[in-house]
Amino acid sequence: MAENPLGANDDEFRDMMRKFLSGEGDIDPSKLAGAAGLPADPVMMARLMGQLRKAMDSTGDGIDWQNARDEAGRIAAEGSTRTAQLDLDRLRQALSVAALWLDEATGITQLTSEPALLTRAEWAHQTMPVWTELAEPVATSIADSMTRVLAEQVPEELKGMLAGASQMMRQVGGALFALQLGQVVGRLSAEVVSGGDIGIPLLPGRDETDVQAALLPQNVTAFGTDLDIPADQVQLYLSVRELAHARLFRHARWLRAHLISAITDATRGTTIRLERLESLAEGFDPQNLDSLRAALTSGELIEPKTEAQQQALARLETTLALIEGWVDVVTADATTRIPRADAVAETVRRRRASGGPAERAFATLVGLELRPRRLREAAAFWRQVTDAVGTEARDALWAHPDLMPTAADIDDPDARIRSMTDGPAEPDALDKALSDLLAGEGDRPVERGPGEAPDEPPSSDEPTA
């Protein structure tokens, strides 16, 4: 058993932490919950203490994301209500009609699997793998940095003890971050109306290139509550949007991996403001954790993005804008039969521009904003392309990543349209000279092998053809 300079061993250190977690120490557990951005109710206290004890007993090096899954599922289930069978049947009918309308607006074929109607808890459970994939680089960076800074700030005589328990401290930090993520996803389950509402494919299909279309009936109802628009029109519009989003990702099978890769590039190498952590460690008051809570929940611990990350983020925003813009245009064309379609569309645009509280909390926690800033410009680009070349040529731009429009195309749609509609360009002088040379090869003498006599020219006495 490892000893430290003060004569305490790792088990003694763990006992000290367990006393603190059970409320027998000097630190109020509710303040620790506040530092993690969690509500300080008795049920939450019990769950938090249980998760931290589990983290202390863990021997693994990674973050236990089961904490996030459990917390997200619990919060999502708390706010769930049962949807009447009649309302479910109406949504299924709306999805069927939406599929037929989409066939008129795009040549991209229908989905091979039936759209799902999910509860909030089901959505939280099925989407959690993507959320943890997005959050893991930041979570790992924060856990590593906190361990290092605390090791540097601790008095010399305590370093032996901290070194022996550093792994446990890292696990506790990871557990707190995972609980925060679970809180965010659980609250987000009350904001989204469909599988593609965030803009990225959160629900996997039958394989890694497929995507599942889904609606959350409870949230669809809440979406239309204050709009003064008939419920069936809201259901039809949201159904068309969701199916258009899912069809695009099923058609462009490379797109999901392309998008996730762009997100990973934007978060890879995330670093933490060590000077801010150091100042927190220097002035750390276990009786007043407000400063630590503010740092964790405001995102101020995350360093500004590097140039490479900024470039990756710009590419990500362009891709998201192109996806959302295409969905907007196709949905508008497919919903012309809905009398109040424009009103629903404007509500969707305003809602998407700002995002909900939980989505903004995720952006703060991970340092990744998923709302594209150039959505209107991207939609205008797709509208011009549609009007100029038609739906078939428009949708063909999703056939391969090399064909996908760029930020420059969004800035200058006419240039991209010209490249799609103009005939072959006139050959320049070099091209013409090369063509003449190749065309003249038929007049050159045929090469002979060794010993073969060349063709004799006809004599003047012989008749010529």
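Modeller: Begin with burial. Buried means under 20% relative accessible area, exposed means over 50%, and partly exposed lies in between. Keep in mind that this is a predicted model.

Biologist: Take Thr 406, then. Is Thr 406 buried, exposed or partly exposed?

Modeller: Thr 406 has 39% relative accessibility, so it counts as partly exposed. Its place is in the loop between helix H16 (375-395) and helix H17 (407-411).

Biologist: What does Thr 318 touch, leaving out residues up to four places away in sequence?

Modeller: Thr 406, Ala 407 and Ile 410.

Biologist: Give me another case of burial. Where is Gly 174?

Modeller: Gly 174 sits in helix H7 (residues 159-188). At 4% relative accessibility, Gly 174 counts as buried. Gly 174 and Ala 143 are 31 residues apart in sequence and 5.9 Å apart in space, C-alpha to C-alpha.

Biologist: Now the whole chain. How much of it is buried?

Modeller: Of the 465 residues in the chain, 46% are buried. The secondary structure comes to 19 helices and 2 strands. Now consider contacts between residues at least 6 apart in sequence. Of these, 81% join residues at least 24 apart.

Biologist: At what angle do H5 and H9 pack?

Modeller: Helix H5 (residues 85-105) and helix H9 (residues 231-251) pack at about 60°, with axes 8 Å apart. H5 and H9 are therefore oblique to each other. H5 passes H9 in a right-handed crossing.

Biologist: Which residues make that contact?

Modeller: On H5 they include Leu 91, Ala 94, Leu 95, Ala 98 and Trp 101. On H9 they include Leu 236, Val 240, Leu 243 and Arg 247. By class, the contact of H5 with H9 has 12 nonpolar, 2 polar and 3 charged residues.

Biologist: How do H9 and H13 cross?

Modeller: The axes of H9 and helix H13 (residues 307-334) come within 9 Å and cross at roughly 130°. That makes H9 oblique to H13. The crossing is right-handed.

Biologist: And which residues meet there?

Modeller: Among them are Tyr 237, Val 240, Ala 244, His 245 and Phe 249 of H9. From H13 come residues including Ile 323, Trp 326, Val 327 and Val 330. The contact of H9 with H13 divides into 10 nonpolar, 2 polar and 3 charged residues. Val 240 is listed in the contact with H5, and Val 240 is listed in the contact with H13.

Biologist: Last topic: confidence. What is the mean pLDDT of the chain?

Modeller: The mean is 77, and 64% of the residues reach 70 or more. Over residues 1-10, pLDDT stays under 50. The model has 20 contacts beyond four places in sequence for that stretch. Residues 441-449 have pLDDT below 50, with 2 contacts in the model beyond near neighbours in sequence.

Notes:
Residues are numbered from 1 along each chain as its sequence is written. This is a predicted model: local features need pLDDT of at least 70, side-chain atom pairs count only at pLDDT 80 or more; totals for chains, interfaces and linings use all residues. Side-chain values use heavy atoms; hydrogens and water are left out. Axes are lines fitted to C-alpha atoms, for helices over the stretch in contact, and angles run from 0 to 180 degrees between N-to-C directions. Helices (H or I, at least four residues) and strands (E, at least two) are DSSP runs, numbered from the N terminus. Angles under 35 degrees count as roughly parallel, over 145 as roughly antiparallel, 65 to 115 as roughly perpendicular and the rest as oblique. A crossing is left-handed if the near helix is turned anticlockwise from the far one by less than a right angle, and right-handed if clockwise. Contact means heavy atoms within 4.5 Å. Ala, Val, Leu, Ile, Met, Phe, Trp, Tyr, Cys and Pro count as nonpolar, Asp, Glu, Lys and Arg as charged, and the others, Gly among them, as polar. pLDDT is the predictor's confidence in each residue, from 0 to 100. Buried means under 20% relative accessible area, exposed over 50%, partly exposed in between (1.4 Å probe, protein chains only).
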